[in-house]
Amino acid sequence: MSRTGQWFHPVEPSPDASVRLFLLPHAGSGAIIYRDWEKLLPADIAAQAVTLPGRHNRRTETMYEDWDPLVEALHEAVLDELDDRPFAFFGHCLGAQLAFRLTTRMEEEGGPSPVMVGMSGWSPVGWYAPTEEQSRMPEPELVEWIKRLGSFPAEVYDNPAMLALVVPALRADLRVAAQYVDDAAGVRCSLASYGGRSDPLQEDPEAMKEWAERSPAYLGHSEYPGGHFYIDAHAQAVTAHFAQRLQRVVASAAR
């Protein structure tokens, strides 16, 4: 078992897969958002979802509230986890921000880097950006806000015990996201973007077109019915689409 195994679920990737996929969740969540992906993806793609400190099996660990230390820790965890197989990232919302920055850093360093990244529910331009002040909203206001986004299952909102677990992680992640600064960075690897047709966080209808400027190997944008959490209802379609493109990218690189 890797010494950073607590970051990833499952802890050990399938040894039979030819490519690995790291899944990064949205603010306030953990590996559970990708609970169905392992069985939806083809057998040659070994998926591992990231769980940040302070949630699920890492509930007793101190949460990150600053961007740079979180990226540093996640970068170290991913590097420690890699083997000789090609790998990719897929992230939703905050997870997309983290996946994008991990990729730019890895490419800059010249070491292992992903062959492809999937950006879901976020663009560096034309997208809602939380503020430090919003992360400190009184709990009733914060809960109403995440209700409007449909961030969590309906039963969470009426369950004080569940809210007590969700709200601190969400506050910490909002503080992290509020520190993100776009510097027009791009990636060299293949990139595909995904989104919900009526996402309330998309402030500019053309926002996702920005990705075409961020990768010379941009594979296009796929849009699905729904809001910010379209990904829950369309997991099967998204996994099929992303897996097909990832397989093509890996096969092309092997030629």
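This is a predicted model: local features need pLDDT of at least 70, side-chain atom pairs count only at pLDDT 80 or more; totals for chains, interfaces and linings use all residues.

Biologist: What does Thr104 touch, not counting residues up to four places away in sequence?

Modeller: Leaving out those sequence neighbours, Thr104 touches Ala185, Gly186 and Val187. A contact here means heavy atoms within 4.5 Å. Residues are numbered from 1 along each chain as its sequence is written, and side-chain values use heavy atoms, with hydrogens and water left out.

Biologist: Fine. Where is the place of Thr104, and is Thr104 buried or exposed?

Modeller: Thr104 sits in helix H3, residues 94–109. Helices (H or I, at least four residues) and strands (E, at least two) are DSSP runs, numbered from the N terminus. Thr104 is buried, at a relative accessible area of 5%. The cut-offs are under 20% relative accessible area for buried, over 50% for exposed and partly exposed in between, with a 1.4 Å probe and protein chains only.

Biologist: Zooming out, how many helices and strands does the chain have?

Modeller: There are 9 helices and 7 strands in the chain.

Biologist: And what order do the strands of the open sheet have?

Modeller: The order is S1-S3-S2-S4-S5-S6-S7, an open sheet of 7 strands with mixed pairing. S1 (8–9) and S7 (217–224) stand at the edges with a single partner strand each, so one side of each has no neighbour in the sheet. Two strands pair if DSSP finds at least two bridges between them.

Biologist: How does S1 run relative to S3, parallel or antiparallel?

Modeller: Antiparallel, with 2 bridges joining S1 to S3. Phe8 has Val50 of S3 as its bridge partner.

Biologist: What about S2, which strand is joined to S2 by 5 bridges?

Modeller: S3 (residues 45–50) is one, running parallel to S2, with Val19 opposite Ile45. S4 (residues 87–92) also pairs with S2 in the parallel sense, over 5 bridges, and there Phe22 is partnered by Phe89.

Biologist: How many residues of S2 are buried?

Modeller: 6 of the 6 residues in S2 (residues 19–24), so the strand is largely enclosed by the rest of the structure. In general, side chains in a regular strand alternate between the two faces of the sheet. In S2 both faces are covered: Val19, Leu21 and Leu23 are buried on one side, and Arg20, Phe22 and Leu24 on the other.

Biologist: Next strand along: how many residues of S5 are buried?

Modeller: 5 of the 5, residues 116–120, so S5 too is largely enclosed by the rest of the structure. One side has Met116, Gly118 and Ser120, the other Val117 and Met119, and all are buried. S5 pairs with S4 in the parallel sense over 5 bridges, and Phe89 stands opposite Val117.

Biologist: Loops now. Where is Arg58 found, and is Arg58 buried or exposed?

Modeller: Arg58 is in the loop between S3 and helix H2 (67–81). Arg58 is buried, with 2% relative accessible area. Beyond residues up to four places away in sequence, Arg58 touches Gln6, Trp7, Thr51, Leu52 and Pro53.

Biologist: What is phi of Cys93 near, and what is phi of Ala184 near?

Modeller: Phi is near 60° for Cys93, a positive value in a residue other than glycine. For Ala184 phi is near 65°, also positive in a residue other than glycine. Cys93 is in the loop between S4 and H3 and counts as buried at 17% relative accessibility. Ala184 is in the loop between H7 (160–178) and S6 (190–196) and counts as exposed at 55%.
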